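Here's a quick briefing to read with the model open beside you.

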Amino acid sequence: MIKPWSDKLRKVDPYVPGEQSKKQNIIKLNANENPYPPSPKVVEAIHNFDTDKLCLYPNSSAYQLTEALAQHYGLDMNQVFVGNGSDEVIALAYMAYFNSPDKPILFPDITYSFYPVWCNFFKTPYLTKAVDENFRINAKDYYEKNGGVIIPNPNAPTGMSEGREFIEEILQHNQDVVVIIDEAYVDFGSYSAVELLKKYENLVIVHTFSKSRSLAGMRIGVALGNPELISLLNAVKNCYNSYTLDSVAIAAGTASVNDDTYFLSTLNKVIETRERTAKELSDLGFKVFPSHSNFLFVTHPTISAKELFEAAKAENIFIRFFDLPRINNHLRISIGTDAQMDALIGFIKKYQGR
Ligand code: PMP
C-alpha cells in the first residue's frame, strides 16, 4: 500500500560496496582490504587507551593525528584534514568544492563507482570521459571548462597509475577549479602528487588508512591541500557533525603514522605477492593490467568473468565482478596473503581443468 507520506521521501541510488559475507573462513579478495593486521603499535595504543576518557568528546580536529600526519608529509597542520574514512572526506569535498550548478565536474567513465553516486546525491552535474581501449586516462579530455575534476591515481578498478607529467597537465589546464586526486592506493607503488601542493593551490589530495595501513575497520581518511581549502572542509564538516573521528580512531591512527617500519614491511609483502600473482594469472592466459595498487584487474579471452566470479564464490573465494559497461568481462582481485593467492590460483587451475 502506498503510504500518504511516501512522496516526501528522498529517492536515492546508493553505492554498492564489495560484499561483506557473514560466512566464516572465506577468502576475501573483493574489497581491496589489506590481508595483514595493523601495526603492533596500533594494537598497543588500543589496549592502552584510557577508556575513562570516553566520557569526553574527542578533539574535533583530531589534533594528535593531524599533527602526526603533517609531520609525516612535511606539511603544516592547517594543510591536513581527517575524516571518517576517505569516502566521507570525498563527500565533504564535493559539498565544499563542487558547487557550479551549470558546469559539470569531470571524471573517467571507468573509475571509482562512488563518484557518480555522490553527484546524484548532491545534485552535482557531471560528465564522464572515456578512458582509451587500454583503460588509460587521456589528460586532454580534461581541458574543457568544468566545475571541478576528480581522478583516482592509481585508478580503480583498473589499478593503473599515471606520473607527475599527467597530473601537472591536468592541474595546468584546470587552474580555476579544484582538482581532487584520490590517492587511495598510492602507497603500493605509484607517483604521489603531495610534492605538487607547493605549486598548485587548487590541488586536494585524498588518502586513506583502509588499504596500506590495514585499518579499513577504523575508518580514517585524509585530505591534504592549501590552508584555505582545508579550512573550508572543516567548516563544511562542522555544518553536519563536528566529531567524525572517535577518540579510539585518533589514537590508533596516530600510532599507525608513527610506525613507518611496519608500514613499509607490509607494503613490500603486498607488492611482492601482487607481482607473483600477476605472473601466475598471466601464465594461465589472463590479460593482467599493470597494477600499482593492492589489486589486479584481469580478463580472459575464453573464460566468462561472471561465471568465474560465481564459481569462486561457491568455493568461498570472494573476488569482485562489476556488471558495468566496458568492464563486464573483467574481474578485480584484491591481493591477499601468499596462501590466499595460492588458493585462488589453485581454484582457477581446477576450473580450467588443468
Ligand atoms: N577511493 C577509492 C578509489 C576507493 O577504491 C576507496 C575504497 N572503496 C575509497 C576511496 C574509500 O575508502 P575508505 O572510505 O575506506 O577510506
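This is a predicted model: local features need pLDDT of at least 70, side-chain atom pairs count only at pLDDT 80 or more; totals for chains, interfaces and linings use all residues.

Eleven names to click on first: Gly-85, Ser-86, Asp-87, Tyr-112, Asp-182, Ala-184, Tyr-185, Thr-208, Ser-210, Lys-211 and Arg-219 are the residues around the ligand. The protein chain is assigned two stretches of domain 1, 15–38 and 261–352, plus domain 2 at 55–258.

**Ligand site**

- Ser-210 reaches in with its side chain: one of its N or O atoms sits 2.6 Å from a ligand oxygen.
- Arg-219 also uses its side chain, placing a polar atom 2.7 Å from an oxygen atom of the ligand.
- Asp-87 works through its backbone instead, with an N or O atom 3.0 Å from a ligand oxygen.
- How much of the ligand does the protein cover? The ligand on its own has 400 Å² of accessible area, and the protein covers 92% of that.

**Domains**

- Domain 1 comes in two pieces (15–38 + 261–352), while domain 2 is given as 55–258.
- On the contact between them, domain 1 puts in 28 residues and domain 2 puts in 32.

**The seven-stranded sheet**

- Follow the strands across and the order reads β2-β8-β7-β6-β5-β3-β4, in an open sheet with mixed pairing.
- From one strand to the next, the twist averages 20°.
- At the β4 end, β3 (residues 105–108) runs parallel to β4, and four bridges join the two.
- In that pair, look for Pro-108 opposite Lys-129 of β4.

**Helices on the seven-stranded sheet**

- Helix α2 (residues 63–73) lies across β2, β7 (203–208) and β8 (221–224), and its direction is at about 130° to β2.
- Helix α3 (residues 86–97) packs on this sheet as well, touching β2, β3, β5 (148–152), β6 (179–182), β7 and β8.
- The direction of α3 makes about 160° with that of β7.

**The four-stranded sheet**

- Here the order is β9-β10-β13-β12, and this open sheet is antiparallel in its pairing.
- Which strands are at the edges? They are β9 (287–288) and β12 (320–321), each of which pairs on one side only.
- Strands β10 (residues 295–299) and β13 (residues 330–334) run antiparallel and are joined by five bridges.
- Within that pairing, Leu-296 stands opposite Ile-333 in β13.
- Helix α8 (residues 260–283) lies across β9, β10 and β13, with an angle of about 10° to β10.

- Where does the chain hold cis peptide bonds? One joins Asn-153 and Pro-154, with omega at about 0°, and another runs from Ala-156 to Pro-157, with omega near 10°.
- Pro-154 belongs to the loop between β5 and α5 (164–172), and Pro-157 lies in the loop between β5 and α5 too.
- Phe-135 isn't a glycine, yet its phi is positive, near 65°.
- You'll find Phe-135 in the loop between β4 and β5.

Conventions:
Residues are numbered from 1 along each chain as its sequence is written. Side-chain values use heavy atoms; hydrogens and water are left out. Two strands pair if DSSP finds at least two bridges between them. Contact means heavy atoms within 4.5 Å. Axes are lines fitted to C-alpha atoms, for helices over the stretch in contact, and angles run from 0 to 180 degrees between N-to-C directions. A residue is near a molecule or strand if one of its heavy atoms lies within 4 Å of it. A polar contact is a pair of N or O atoms within 3.5 Å; within protein, one must be able to donate a hydrogen and the other to accept it, and residues adjacent in sequence count only if both atoms are side-chain atoms. Accessible areas come from the Shrake-Rupley method with a 1.4 Å probe; for residues, only the protein chains shown count as cover. Domain bounds come from an automatic or database domain assignment.
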